[in-house]
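Please open the model in your viewer and keep a selection panel at hand. The stops below go from one selection to the next, each with a short account of what is there.

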Amino acid sequence: MPQVQNDSRLPVFLVILFILWIFPDPPATPLGGHTTLDLTISRESQQLHVVNTTSYGAFNPKENKWLNITGLRHEDGFAWGTLDEVKSRARQHITHIWGDEDAHLVLEGNKGRGFPVWKNISGHVRGSWVRAHADSAIPRPKLNMTALLPLDATDFTRRFERNVTGESGDLRVEFTENGDVGKFGGIKIQNIKAEIVLSDKSSSGDGWTVVMYGTHLVDTGQVFLTTTSDKFAGMWALPQMALTETVYKSLKENIVQRLEKVIRKQKSLELPNLHPYSSVPEGHSEDAYTPHCELIAYFHQHALPLAGSDGKFATAPMDVISEMEEELRYPQGARPYKPPQLRLSALVFSPDCGFLIESKGQPEYARVEGDHLTGEKLEIYIRSSIDYTLLYILVLAGQIYLTMIQMKHSSTPSTRSRISFYTVGMLSLGDGFVGMAFLPLGMLVDSAFTSLLATAFFAFLAVTFFDMRFLLDVWGVQSQERRRAERQRQQASALNTPPQQATTDTNIALNGRTDALPAPVTARQGINSGATPLIFPNQQQDEAGEQPQTDAARRRRELSAMYGKFYLLLLGITFLSLHATSWYPTARSAYMNVLAFAYLSLWTPQIYRNIMRNCRKALLYRFVIGQSVLRILPIGYFYCMRNNVLWVKPDRRVFAFLVGWLWVQIWVLVIQDVLGPRIGVPKKWLPPAYDYHPVLREDDEESKMPIGFTTSPASQPSSPVATRPAESKDKSKRIFDCAICMQNIEVPIVPAGGGAAETGTSSVHGIVSRRLYMMTPCRHIFHTKCLEAAMRYRLQCPVCREGLPPL
């Protein structure tokens with residue numbers, strides 16, 4: 001009667017239902033006639049009226065002039081007393097960039113003259129920040145949280161997010177310009193959004209991220225940004241941050257138009273959320289009861305340099321800049337000049353947390369110490385990302401090609417048994433990790449969707465059809481070896497006798513079957529007693545009549561277990577790496593270095609297997625060198641390139657160590673091939689193994705010398721295929737015949753009564769000389785290349801068909 005099998009899909013289905021139950025749908029957006037929306041519109045309209053009715057200089061805390069805007073009131077307790085010092089520092093930045101004469105035009109908005117800057121600054125920049133000199137003069141703010149937070153905010157933490165406690169750190173900014181350029185008060189202005197990532201040594205992960213909105217003065221390269229929340233109406237206060245009255249009027253006109261449009265959409269319920277200028281990044285929930293440090297930022301674009309025909313840099317002409325921007329936005333294939341980098345100075349002020357930081361660079365610091373914020377325009381960044389991604393596809397193609405060559409070379413059980421299962425497994429894990437990384441990136445980055453998904457496809461192709469196939473081939477051969485060794489141990493334990501060496505077993509399993517060749521003539525023959533054989537039934541049947549598990553079923557079980565362990569380990573490494581992005585910089589860097597070191601230790605398991613099995617030439621040189629170069633190239637890109645696509649901080653010293661470690665492994669493999677796999681390893685650490693390159697002594701017993709060797713010149717060879725050794729010109733050598741190629745073999749032999757040191761067989765030259773011949777346990781001698789080629793297909797002596805131990 002067939003048994004009912006358990007359905008393993010039911011627990012998975014129940015787990016999915018439980019996850020869906022504990023993660024309910026997000027609550028609906030509080031729009032549509034709620035009291036919160038009405039209060040928000042009323043407050044915004046009142047503050048917009050204040051913006052409309054004020055003028056430049058109406059907000060001056062030093063003269064006790066305040067505005068009825070959230071955050072600009074006296075009772076709010078913000079540190080506005082140092083606003084003049086902050087503006088003065090921003091003017092100094094502009095003066096350093098353009099000089100005294102042009103700085104005045106920039107501050108006034110440059111209504112008549114153009115400056116050599118990018119008109120569209122959508123892109124990524126990064127650099128270092130330090131505390132500004134005026135930071136020490138900022139008094140500690142005494143915030144009135146009762147007046148700033150809503151009335152129902154009864155439970156909130158006193159710890160402010162986005163605070164800066166260190167003296168220096170890293171700053172990364174992504175600019176995104178929205179809409180068309182408009183003219184306000186005679187100045188061209190474009191709306192802009194920036195996602196800022198700021199970190200110091202006390203920050204976990206990459207630091208904290210904040211979204212800021214503001215305006216970009218297109219002709220002069222000035223950018224004004226601010227955060228907005230329930231306790232700070234940053235967008236309404238932005239015009240008061242202008243450095244001159246002319247710019248103030250233009251900002252006021254732009255902000256009023258934008259805010260009127262927002263309020264109209266709020267009234268008509270067209271906005272998807274209540275706070276269109278929220279400083280919380282996408283994908284994060286906004287908690288009104290958790291206060292954040294509010295920010296005001298001034299960014300100033302530097303003049304664009306352009307390399308001339310003589311290699312010297314000069315300021316780029318305006319018409320050339322226009323041509324480059326047109327080509328970047330609408331590519332036509334014309335690239336007369338290489339687009340220069342986007343370079344900006346930054347000044348970030350927090351009025352409620354009381355800190356002032358700026359980008360690190362000239363004139364306070366040398367250019368080698370800091371160059372403010374540099375990066376690429378969005379079009380260049382996307383193009384570079386696609387180019388590097390396509391280049392990595394070529395790397396994957398090279399890895400696949402090398403794997404195919406190695407698989408073709410290792411096409412027999414003899415050659416597969418030499419290869420380390422864990423080395424191939426590490427290669428497979430590396431390709432699988434790449435596929436797991438590129439797949440979600442392709443779904444998130446629309447501009448590079450095709451190239452990212454193509455890379456993920458090639459990575460999974462390498463894993464599924466090549467790496468795993470190679471892994472299964474190696475595992476299939478070595479699993480048979482493990483089962484044979486297990487049977488020998490069981491037999492030895494049952495008989496209480498040591499297990500026989502596999503070298504004496506004449507039934508060599510090849511491709512899952514027993515070789516049908518006859519046993520050697522020297523093997524013991526069975527005795528026919530004439531008795532009738534008795535056949536007993538199988539006693540291993542259970543009560544239900546089931547047969548013991550077949551080899552096929554055991555193989556399927558082992559295969560499923562191997563697949564499960566592989567993908568479980570792959571998912572574990574992937575999720576742990578994702579979690580590591582939220583760690584503190586020191587711990588995150590240490591984890592990534594350890595992960596890279598473990599990945600680049602891929603040849604260590606092969607070295608270990610060579611030692612334990614006393615085998616060599618398991619892998620082709622071009623496979624080892626090619627895979628090493630192709631595997632370390634992507635790692636070197638992130639460890640050495642400052643402006644890499646993931647903005648990973650480079651560390652060339654660690655990369656030099658990784659290259660050295662990989663180089664050492666390759667040289668160990670070479671030394672094992674030339675001088676022997678066990679060279680330099682103490683014998684007491686090693687299991688016994690047959691040595692195909694023994695030191696031959698003339699006074700050894702005859703059983704230890706090759707067949708055909710005699711000390712008497714008149715004696716005849718004892719094998720029909722081995723001739724008597726002839727005398728060589730070198731008295732310490734004898735000449736034998738190779739039964740495979742039928743050519744002579746010159747073999748060094750220690751004379752009777754002599755030592756190995758006298759003939760040099762123990763020296764490096766002697767070790768290399770012994771690698772030219774191989775002697776089997778059945779005492780037949782061949783050229784090394786000849787016997788190794790024969791043993792690739794069959795582990796049997798070509799002369800007497802005696803079973804041979806693995807090479």
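Begin by selecting helices H7 and H8, where Glu-327, Leu-328 and Arg-329 of H7 meet Glu-379, Ile-380 and Arg-383 of H8, a contact being heavy atoms within 4.5 Å. By class, this contact has 2 nonpolar, no polar and 4 charged residues, where Ala, Val, Leu, Ile, Met, Phe, Trp, Tyr, Cys and Pro count as nonpolar, Asp, Glu, Lys and Arg as charged, and the others, Gly among them, as polar. Before going on, note that this is a predicted model, in which local features need pLDDT of at least 70 and side-chain atom pairs count only at pLDDT 80 or more, while totals for chains, interfaces and linings use all residues. Residues are numbered from 1 along each chain as its sequence is written, and side-chain values use heavy atoms, with hydrogens and water left out.

With H7 (residues 318-329) and H8 (residues 378-409) still selected, the axes come within 9 Å and cross at roughly 45 degrees, which makes H7 oblique to H8. Here axes are lines fitted to C-alpha atoms, for helices over the stretch in contact, and angles run from 0 to 180 degrees between N-to-C directions; under 35 degrees counts as roughly parallel, over 145 as roughly antiparallel, 65 to 115 as roughly perpendicular and the rest as oblique. Helices (H or I, at least four residues) and strands (E, at least two) are DSSP runs, numbered from the N terminus.

Next, select helix H15 (residues 621-640) and helix H16 (residues 652-675), which pack at an angle of about 175 degrees with their axes 10 Å apart. H15 and H16 are therefore roughly antiparallel to each other. The residues of their contact divide into 14 nonpolar, 2 polar and 2 charged.

Stay in that region and colour residues 654-675, one of the spans that UniProt lists as "transmembrane region" in an unreviewed entry; such annotations may be inferred rather than shown by experiment, feature names are shortened, and positions are given in the numbering used here. The end C-alpha atoms of residues 654-675 lie 31 Å apart, and the span is 100% helix and 0% strand. Residues 419-441, also listed in that UniProt entry, have end C-alpha atoms 35 Å apart and are 91% helix and 0% strand.

Now move to the loop between strand E10 (355-359) and strand E11 (373-377), which holds Pro-363. The peptide bond from Gln-362 to Pro-363 is cis, with omega near 5 degrees. His-372 has its place in the loop between E10 and E11 as well, and its phi is near 60 degrees, a positive value in a residue other than glycine. His-372 is buried, with a relative accessible area of 5%, where buried means under 20%, exposed over 50% and partly exposed in between (1.4 Å probe, protein chains only).

For the last stop, select Gln-47 in helix H2 (residues 35-53). Is Gln-47 buried or exposed? Gln-47 is buried, with a relative accessible area of 4%, and, leaving aside its neighbours within four places in sequence, Gln-47 is in contact with Asn-68, Ile-69, Thr-70, Ala-233 and Trp-236.
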